[in-house]
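Visitor: I am new to this structure and would like to learn how to read its features. Please show it to me.

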Amino acid sequence: MSVLFETSLGDIVVDLEVESCPKTCENFLKLCKVYYYNLNPFFNVSKDFLAQAGDPSATGTGGESIWSYIASQQQSSSSVPRYFTPEIAPRLKHTHKGTVSMAVAPSIQPSGKNGDKGSQGGAGSQFFITLADNVEYLDGKHAVFGHVVEGFDALDKLNEVFVDQDSRPFKDVRIRHVIVLDDPFPDPEGLVVPAEEPTKPKDNSTRIAEDEDPLAELPEEEEERIRREKAAAASALTLEMVGDLPFANVRPPENVLFVCKLNPVTRDEDMELIFSRFGTIMSCQVIRDKKTGDSLQYAFIEFDKREEAEQAYFKMQNVLVDDRRIWVDFSQSVARLNTDWSNEISRPTKRGGGFAGREDLERTRRYRDEEDRRDNGGYGLVFDVDNERRGKRRKRSRSGDRERYKKDRGRDRSRSRDRRR
């Protein structure tokens, strides 16, 4: 009777001692049948000693017998022991490499007929495979029930893995799949085989994945791309902290076009008329100098839909507008998500609600606005003082300085006259 383990290091075939250990083999085979061992890691690997698996939690304290598993699936009210008493045959010893044994917990011992503790411990689902010959220390303590007949190269690889102080491999070694080649035992009452195999390990390991190569090097272009992404994320977080971005993971809107190389005489109305044939325009603004009002020769055009912006991008590239060939690209600016594209009061968008014409964004305010200052009786921060009030304060301060200067100058002159007398 055999079982095939497909592990991340290779296939391992185990022959079972069905005649000498029928109950232990039945427990092992039925656990394999319900995919109990699928995706389980080898959580304890000691070089030239053993490799232990069979605990879904990978802590060394989990696992249960097939009869306890059936009771838990049925949510039965009757108490079923978590462990069973395995057969420890005197003739089956840990003599050869590849011996398969059930891990016996000596602290959990079934009671005898008179309530006294038995001489043997309890076993659940955990098992181990020896990685060397003549491991006599384990004889009589753990239940041998099988031997590896194929896959010794996988055991050699398992013996050489790097482990931490708790003997767990840094890189996961998992049982990917289990195939029961021959099962002579009838299924226990209530056994239900799951319809699908598990797709996610239960131990939630954060170690190197069993299909990941920690020494693999990415191409230079890929490493540069990852480095730039990390640097951009760090810069975005900094800009969010200082208030220049509403949030770090903000993205430019996909329905806004950036148009540059405009003629200084081109107006908002002209751009809106030209681009309106591609779809509904929410806003169109030629950016101007806030002091002189002169055009800075670039504009932002917001469409209702992304598809309309894409069509305008492909059709309007290098088109002649007012004797200038314009350049069209998608906007990379996120300034409007926080305030506006310019310091002037921009034209209101036709779309109502939301922030910057989008319902999924929320405006982030850094300072107290005009309504708050009016409601609170003119109270505001120092940089909230308007230009008119600031100018009056400067005038009062300068006039006061002149009066004090005249008084001090008059005192100095009277003192000098007294000294001459």
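Guide: Start with Phe-314, which counts as exposed at 64% relative accessibility (buried means under 20% relative accessible area, exposed over 50%, partly exposed in between, with a 1.4 Å probe and protein chains only). This is a predicted model, in which local features need pLDDT of at least 70 and side-chain atom pairs pLDDT 80 or more, while totals for chains, interfaces and linings use all residues. Residues are numbered from 1 along each chain as its sequence is written, and side-chain values use heavy atoms, with hydrogens and water left out.

Visitor: Which residue forms an aromatic pair with Phe-314?

Guide: Two aromatic rings are described by the distance of their centres and the angle of their planes. Rings of Phe, Tyr and Trp (its six-membered ring) pair if the centres lie within 6.5 Å; planes under 30 degrees apart are stacked, over 60 edge-to-face, and the rest tilted. Here the partner is Tyr-313, at 5.1 Å centre to centre with 70° between the planes, an edge-to-face pair. Tyr-313 is partly exposed, at 24% relative accessibility.

Visitor: How many aromatic pairs are found in the whole structure?

Guide: The search finds 15. In one of them, the ring centres of Tyr-36 and Tyr-69 are 5.8 Å apart and the planes stand at 85°, so this pair is edge-to-face. Tyr-36 is in the loop between α1 (22–33) and β3 (44–46) and Tyr-69 is in helix α2 (residues 66–74), so the pair ties together parts 33 residues apart in sequence. Helices (H or I, at least four residues) and strands (E, at least two) are DSSP runs, numbered from the N terminus. Both tyrosines, Tyr-36 and Tyr-69, are buried.

Visitor: How many salt bridges does the structure hold?

Guide: Side chains of opposite charge can pair when their charged atoms come close. The structure holds 19 salt bridges (a side-chain nitrogen of Lys or Arg within 4 Å of a carboxyl oxygen of Asp or Glu). Asp-187 forms one with Lys-30, the closest N and O atoms being 2.8 Å apart. Asp-187 lies in the loop between β8 and α4 (220–242) and Lys-30 in helix α1, so this pair joins parts 157 residues apart in sequence.

Visitor: Is Lys-30 buried or exposed?

Guide: Lys-30 is buried, at 0% relative accessibility, whereas Asp-187 is partly exposed at 38%. Lys-30 and Asp-187 are linked with Lys-33 and Asp-183 in a network of salt bridges.
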